[in-house]
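The exercises below concern the fold of a single chain, and each task is followed by a solution that goes step by step.

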Amino acid sequence: MPSEPIVAYFDGLAEPSPGISCAGWVCEGLNIRGHKHVGNGTNNQAEYQAALSCLRAIYKSGYRGCVNLRGDSQLVVKQFNNDYACHSDLLIPLLAQLRKAGTFFEELTLEWVPREANDAADAQSRAAYVAFTGHQPPERARKPKATPVPNRWAELGPPGGDLNDAFPVLEEQA
């Protein structure tokens, strides 16, 4: 039976993308945090590098149990979990490295979290940028909260009828 997982967070940034790439990570269960410049590349490459750097730091601490790695990169999480295919020649080797790194632990899970839940790792990646460039990176744009859209399907009733019943023609407004 797997041990109780430790929770760790990762975040990467590239400014611009592609550009200066930095990684940050925080593992509260082991009191590990860190950041570093990881070269030049895209934001997605920086996110992968951050996840790998986080796992490397956990491994160096001597921990080999279960790890729940959390990040705000849907791409990294979904590619690792096989929800998205990876076709990028830049990312395929990083995904392979991440999967290989997972074999050094009892279990590795990746989980997406919203940006707001990843602030500590974000602060670490920004600290790496400041250490490398001497100035702050631009603020990340926060997406506005989505406005709920009414469920028009509920108005259509049960299936049946013809195609026009399922997709009503919108009348032009004068």
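**Exercise 1.** How many bridges join strand β2 to β3, and do the two run parallel or antiparallel?

*Solution.* Strands are DSSP runs of E with at least two residues, helices are runs of H or I with at least four residues, and both are numbered from the N terminus. Two strands pair if DSSP finds at least two bridges between them. Strand β2, residues 19-27, is joined to β3 by nine bridges, and the two run antiparallel. One of the residues involved is C27, whose bridge partner in β3 is I32. This is a predicted model, in which local features need pLDDT of at least 70, side-chain atom pairs count only at pLDDT 80 or more, and totals for chains, interfaces and linings use all residues. Residues are numbered from 1 along each chain as its sequence is written, and side-chain values use heavy atoms, with hydrogens and water left out.

**Exercise 2.** Describe the chain as a whole.

*Solution.* The chain has six helices and five strands, and from the N terminus on its elements run β-β-β-α-β-α-α-β-α-α-α. Of its 174 residues, 37% count as buried, that is, under 20% relative accessible area with a 1.4 Å probe and protein chains only.

Methods:
Buried means under 20% relative accessible area, exposed over 50%, partly exposed in between (1.4 Å probe, protein chains only).
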